Amino acid sequence: ESTHAIELREAVDPWGPWSKEFRVVSSARFPALYGTYMHPVYTEDDGRVVYFTMSMWGPYNVFLMQMELERRQ
């Protein structure tokens, strides 16, 4: 909330420990963004490409977004 961004973290287990945050979308590019929803069905290339919804207050709407993930060594 304080970063005004949508961020992603990763972990081997659902309860953590969690990685540092990775900024996916910033309010500098999408003002008034909030709330996302992601479902495992909406992936491609073995989870490398992920689709998620992102809501915005102005314009008040929900947008389908896409991100590509890279494996870190």
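Q: How many positive and how many negative side chains does the protein have, and how far apart do the centres of the two sets lie?
A: Keep in mind that this is a predicted model. The count comes to 7 positive and 10 negative side chains.

Q: Which secondary structure elements does the protein have, and in what order do they run?
A: There are zero helices here, and the count of strands is five. Read from the N terminus on, the elements go β-β-β-β-β.

Q: What does the C-alpha trace span along its principal axes?
A: We're looking at a protein of 73 residues. Along the principal axes, its C-alpha trace covers about 35 × 25 × 20 Å.

Q: Which strands stand at the edges of the open sheet, and why is one side of each left without a neighbour?
A: The sheet is an open one of three strands, in the order 3-4-5, and the pairing is antiparallel. From one strand to the next, the twist averages 25°. Each edge strand has a single partner strand, so one side of it has no neighbour in the sheet; the two in question are strand 3 (33-44) and strand 5 (60-68).

Q: How many bridges join strand 3 to strand 4?
A: These two strands run antiparallel. They form a hairpin with four residues between them, and in the turn D45 has a positive phi of about 55°. One place to look at the pairing is Y37, which stands opposite T53 in strand 4. The number of bridges joining the two strands is seven.

Q: Over how many bridges do strand 4 and strand 5 pair?
A: Here too there's a hairpin, with two residues between the strands. M54 stands opposite F63 in strand 5. Strand 4 covers residues 49-57, and its antiparallel pairing with strand 5 has a bridge count of nine.

Q: Which residue is the bridge partner of S55 in strand 5?
A: S55 lies in strand 4. Leaving out residues up to four places away in sequence, S55 touches A32, L33, Y34, G35, N61 and V62. From strand 5, the bridge partner of S55 is V62.

Q: Is S55 buried or exposed?
A: The relative accessible area of S55 is 13%. The cut-off for buried is under 20%, so S55 counts as buried.

Q: Is L8 buried, partly exposed or exposed?
A: L8 is found in strand 1, residues 5-8. Its relative accessibility is 25%. Buried needs a value under 20% and exposed one over 50%, so L8 falls in between and counts as partly exposed.

Q: Which residues does L8 touch, not counting those up to four places away in sequence?
A: P40 makes a handy reference point: L8 and P40 are 32 residues apart in sequence, with a C-alpha to C-alpha distance of 15 Å. As for touching, that takes heavy atoms within 4.5 Å. Going by that cut-off, the residues L8 touches are K20, E21, F22, V24, M67 and L69.

Conventions. Residues are numbered from 1 along each chain as its sequence is written. This is a predicted model: local features need pLDDT of at least 70, side-chain atom pairs count only at pLDDT 80 or more; totals for chains, interfaces and linings use all residues. Side-chain values use heavy atoms; hydrogens and water are left out. Buried means under 20% relative accessible area, exposed over 50%, partly exposed in between (1.4 Å probe, protein chains only). Lys and Arg count as positive and Asp and Glu as negative; His and the chain ends are not counted. The place of a charge is taken as NZ of Lys, CZ of Arg, CG of Asp or CD of Glu. Two strands pair if DSSP finds at least two bridges between them. Axes are lines fitted to C-alpha atoms, for helices over the stretch in contact, and angles run from 0 to 180 degrees between N-to-C directions.
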